[in-house]
Amino acid sequence: MKMLKWNGQMCIVGIPSNEDMPTISMRSFIGMADRRLFGSRIGSIPETQEAINYSVENNIYPEVEIIPADAEKITEAYDKVRDGKVKFRYVIDMSTLK
């Protein structure tokens, strides 16, 4: 909150897992007049489009690993995500679905 400029806003989009849920001390809000903190589970369609446009304009793309639509590969990917062993997103190639 202290990093926000006067009349600044911070929107938290999405919800982290319970283990990764940050805590904010109420003391962080003292003296923070004219600053706003709000959240949303998801962004609106215009906000999502704005984020996509920004990413394209600034050459920012997600890191992904494409895996086949195979039960064994999907289970393996799920286990790695659950165990926190990946820093990218898995994408299932539906053209490989049998």
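The following paragraphs lead through a predicted model, from the overall form of the chain to its side-chain contacts.

The chain holds two helices and four strands, and along the sequence these elements follow the pattern β-β-α-β-α-β. Its radius of gyration is 19 Å, whereas a compact globule of 98 residues would have a value near 13 Å. Taken along the principal axes, the C-alpha atoms fill a box of roughly 60 × 35 × 20 Å. Of the 98 residues, 10% count as buried.

Side chains of opposite charge can pair when their charged atoms come close. A search of the whole structure for such contacts finds three salt bridges. One of them joins Glu 76 to Lys 80, with 3.5 Å from N to O. Both residues belong to helix H2, which spans residues 71–82, and they stand four residues apart, about one turn of the helix. Glu 76 is partly exposed at 36% relative accessibility, and Lys 80 is likewise partly exposed, with a relative accessible area of 32%.

Helix H2 also carries Asp 79 and Arg 82, three residues apart, again about one turn of the helix. Their side chains meet in a salt bridge of 3.2 Å, N to O. Here Asp 79 counts as partly exposed at 27% relative accessibility, while Arg 82 counts as exposed because its value of 53% lies over the 50% cut-off. Arg 82 forms a salt bridge with Asp 83 as well, at 3.4 Å, N to O. Asp 83 is partly exposed, with a relative accessible area of 44%. Through these shared partners, Asp 79, Arg 82 and Asp 83 are joined into one network.

Aromatic side chains give a further set of contacts. A pair of aromatic rings is described by the distance of the centres and the angle of the planes. Phe 88 is partly exposed, with a relative accessible area of 28%, whereas Tyr 90 is buried, at 17%. Elsewhere, the charged end of Arg 35 sits over the ring of Trp 6, 4.3 Å from the ring centre.

The surface also bears a nonpolar patch formed by Ile 74, Ile 92, Met 94 and Leu 97, which together have about 360 Å² of accessible area. Ile 92 is partly exposed, with a relative accessible area of 35%.

Note on methods:
Residues are numbered from 1 along each chain as its sequence is written. This is a predicted model: local features need pLDDT of at least 70, side-chain atom pairs count only at pLDDT 80 or more; totals for chains, interfaces and linings use all residues. Side-chain values use heavy atoms; hydrogens and water are left out. Buried means under 20% relative accessible area, exposed over 50%, partly exposed in between (1.4 Å probe, protein chains only). A charge sits over a ring if NZ of Lys or CZ of Arg is within 6 Å of the ring centre and within 35 degrees of the ring normal. Patches are made of residues with over 30% relative accessible area and no salt bridge: like charges are joined within 9 Å, nonpolar side chains (Val, Leu, Ile, Met, Phe, Trp, Tyr) within 5 Å. Accessible areas come from the Shrake-Rupley method with a 1.4 Å probe; for residues, only the protein chains shown count as cover. A salt bridge is a side-chain nitrogen of Lys or Arg within 4 Å of a carboxyl oxygen of Asp or Glu. The radius of gyration is taken over C-alpha atoms; the globule rule is 2.2 Å times the number of residues to the power 0.38.
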